[in-house]
Each structure stands twice: as structure tokens, then as C-alpha cells.
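Thanks, everyone. Please look at the screen.

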Amino acid sequence: MSLLVQEKVIQAVGILNELDLDVWLTFVRETSATPDPVLPLIYGDNTLTWHSALLISRTGERIAIVGRMEEAAARETGAYSQVLVYDQSIRPLLVETLTRLDGQSVAINTSLSNVLADGLTHGMYRSLQAMIEGTPFAGRLVSAESVISALRGRKTPAEIALIRAAIATTEEIYADVFASHPVGQTERQIAVRMHNQMKARGVLPAWSADGCPIVNAGADSAIGHSNPTDRKLEPGQILHLDFGVMQAGYCADIQRVAYCRKPNEVDAPEAVKRAFRTVTEGIAAAARVMRIGTPGVEVDAAARKVITDAGYPEYPYATGHQMGRIAHDGGALLGPAWDRYGSSPHETLEVGQVYTLEPGLMVEGYGYMGIEEDVLLQESGVTFLSKPQTELILM
């Protein structure tokens with residue numbers, strides 16, 4: 001992981017130059033209780049206890065100011081060209097370092113729209129203000145949202161390899177579930193099988209274990225971020241699964257659907273097949289629109305139009321989100337221009353970003369038809385990292 005941290009810190013230097021920002025300051029304390037979401041990228045999994053400052057300059061300087069007890073851990077990251085330590089107060093070293101760097105802009109981790117760039121707590125913000133009061137830097141603080149969005153979004157080759165591995169493991173577990181013919185099992189039993197498969201492979205769920213996987217058996221199952229229940233999967237129902245693993249610190253997030261045939265059925269009903277075709281067409285439409293520089297809202301509109309043009313209600317969520325260290329990662333969103341999403345849908349797509357594509361719809365009487373694929377944006381366009389579900393699974 002230290003090599004990944006080193007890669008990401010070097011990448012941050014280039015991003016600062018691109019954005020014409022001088023210094024990026026990540027200011028934290030007691031990170032075991034209130035971790036800044038960006039720390040795994042620029043510091044790894046180590047804890048910072050006392051007031052600590054990680055400063056990255058557009059000149060290439062990378063400075064960690066930490067309490068003396070954490071000096072060794074900071075050096076072991078290999079990411080910082082200087083590690084400065086203190087015993088009583090960080091203020092003198094922090095002000096001295098900022099003065100030497102003399103940044104006209106000092107980016108800090110605050111954001112109105114991106115929760116992953118809003119790691120600076122209100123108390124630490126006030127503490128920082130008090131420390132730099134009376135210095136020129138008090139008037140030079142700006143948001144680091146654009147820095148963090150780019151850093152989280154632009155995956156390095158090593159990160160992409162780890163995401164691919166997490167996707168492959170997720171697909172293996174899906175294959176096991178469908179091969180087990182789970183008709184007659186409860187949602188909870190299906191989830192337990194998938195949890196056992198994760199344990200056997202030494203991986204973690206990509207989000208809260210209680211709701212990973214999401215298992216929906218039939219039309220009466222609660223759709224969304226709900227936990228599996230004792231509802232049984234019966235013939236004549238759609239089985240919808242939303243699941244991903246976290247492996248070596250990176251995630252997958254994939255949805256799959258199957259139809260459980262009644263005893264006399266050879267194929268799924270036309271209503272179910274039509275819904276499947278519509279959702280896969282929505283995914284294809286979104287993928288065609290995804291190009292570097294395209295706003296996320298345009299990608300969302302392309303998929304959403306396929307669903308509504310087919311006569312279905314529009315789905316009440318975004319078409320896709322970024323994925324990486326967590327299942328819902330990054331800044332830009334493939335979503336509609338709804339107030340709850342802030343500016344995220346208006347951010348533009350960049351090379352190296354990994355997204356989900358997940359339009360969906362309800363099939364009356366049968367259940368939820370939701371498919372989710374993981375894709376990588378490259379110079380040439382979209383590459384599917386997951387193996388697209390192109391046929392409805394029949395059980």
C-alpha cells in the first residue's frame with residue numbers, strides 16, 4: 001500500500017500545478033475517531049493522533065508535520081520528503097512551513113458538494129484559523145475539492161489492477177450463487193451464502209455487511225439500501241442482487257438479475273424480457289455518451305431517456321457513481337441536476353475514472369430489474385471492467 005500512497009502523493013503535485021494551486025494542506029487529529037476520507041490515499045492506514053499537517057506543494061515538496069510518537073510511521077510511508085516533529089504545539093512548525101512555502105493559495109479539505117473532500121471538521125477549521133491568525137495565510141484558504149476529486153478519480157494503473165481483481169472476485173461469488181439454484185431460499189439465506197464466500201476468499205463487503213449484498217426476491221421486496229429478509233424466492237419472481245467486495249483496499253459494485261421460472265415456463269414472461277432489454281439499452285446509451293470532458297448530467301440523461309421513452313417511470317437515483325477505495329467514490333456523478341446532488345452532476349469526466357452504470361425499473365408483479373456494470377473511462381472511450389450481463393439468467 002505504501003507504493004500506492006507514494007504514487008498518489010506524486011500525482012497530487014501534478015494536479016496542483018494543473019489547477020494553479022500552490023499548497024494543499026490536510027489538517028487532522030485523532031483520525032481513529034474522525035478520519036479524513038482522503039487519508040488512505042495520501043497517508044495509508046496509519047493513525048494520526050495529535051494535530052498533524054500533511055502539506056503538498058506544487059513545487060514537489062511533500063511535508064508531514066506530526067507528533068513525535070508518529071515520526072517513524074510518517075517516514076515509513078515513503079511519501080514525504082520531509083517529516084517534521086513536535087512535542088507541545090504544531091503551530092510554530094506549521095506557520096514556519098507555510099511561510100517558507102509562501103503559497104498564494106492554500107487548499108484545505110472543505111466542500112459543499114463532495115463529502116469525500118469535506119474531511120476538515122468544523123472544530124479543526126477553527127483551530128487552523130486560530131493558528132494562522134495574523135499571518136497572510138488566513139486570507140489564502142481555498143477549497144481542495146477540485147484537488148481531491150481529481151486525485152480520487154484519476155486511477156493509476158496499480159489502482160485499476162486492484163479494482164479489476166475486486167471485480168473478478170465479485171463475479172466469482174455471483175457465479176456461485178446462481179449455480180446454487182437458490183429458488184425456495186430466503187433473501188437472508190442467499191446473503192449468508194455470499195458472506196461465506198467472502199470469508200473463504202479473505203475479502204470484505206464493499207459497504208456495510210448487513211446490506212451487502214442487497215437481495216430482492218419478487219415485487220414485494222423493499223428496493224434500495226435495504227437488508228435481506230426472511231422473504232422466500234419463489235417461482236415467477238425476479239431475483240435482484242446488488243453486491244461487491246473490497247479487496248486489497250479497492251471495491252467492486254455490481255448488480256445482477258435472474259428470473260425464477262414457474263414449473264410450466266420455458267422462458268421468462270415478455271414483460272420481464274422487455275424490462276431486461278430496456279435496462280441493458282440504457283446502460284449501452286450511457287456508455288456511448290461517456291467521453292472525456294462530458295458532464296455527468298449528460299450521461300445520466302442518455303440512460304434516463306431510454307427508460308422513460310419505453311414508458312417506465314424514471315428511476316429516483318443517479319445513473320452511476322465513481323468507484324475506487326469505497327463503493328461510492330470520487331466527485332463527478334452521472335446524475336440528474338437535482339438539488340440533492342449539488343454540483344457533482346455538472347463535473348466533467350476524466351481519463352482514469354471508474355464508474356458504475358446502473359439504471360433500473362420495477363416490473364409490476366415480478367420485481368426489480370436493476371443491472372449495474374463497472375466501467376473505466378479511457379482516451380478511446382469506455383472499457384467495461386465487469387463482464388456485462390447481456391442475457392437474463394433463468395433459474
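The structure holds six aromatic pairs. A pair means rings of Phe, Tyr or Trp (its six-membered ring) with centres within 6.5 Å; planes under 30 degrees apart count as stacked, over 60 as edge-to-face and the rest as tilted. One of the pairs is Tyr174 with Phe178, and this pair is stacked, at 6.1 Å centre to centre and 10° between the planes.

A note on the source. This is a predicted model, where local features need pLDDT of at least 70, side-chain atom pairs count only at pLDDT 80 or more, and totals for chains, interfaces and linings use all residues. Residues are numbered from 1 along each chain as its sequence is written, and side-chain values use heavy atoms, with hydrogens and water left out.

Where do Tyr174 and Phe178 lie? Both are in helix H7, residues 157-179, four residues apart, or about one turn of the helix. Helices (H or I, at least four residues) and strands (E, at least two) are DSSP runs, numbered from the N terminus. Tyr174 and Phe178 are both buried, meaning under 20% relative accessible area with a 1.4 Å probe, protein chains only.

Now Phe243. Its ring centre is 5.8 Å from that of Tyr174 and the planes are at 90°, so this pair is edge-to-face. Phe243 is in strand S9, residues 238-243, and Tyr174 in helix H7, so the pair ties together parts 69 residues apart in sequence. Tyr174, Phe178 and Phe243 form one aromatic cluster.

Last, charges over rings: NZ of Lys or CZ of Arg within 6 Å of the ring centre and within 35 degrees of the ring normal. Arg304 lies over the face of Tyr315, 4.2 Å from the ring centre.

Technical notes:
Buried < 20%, exposed > 50% of the residue type's maximum accessible area, 1.4 Å probe, protein only.
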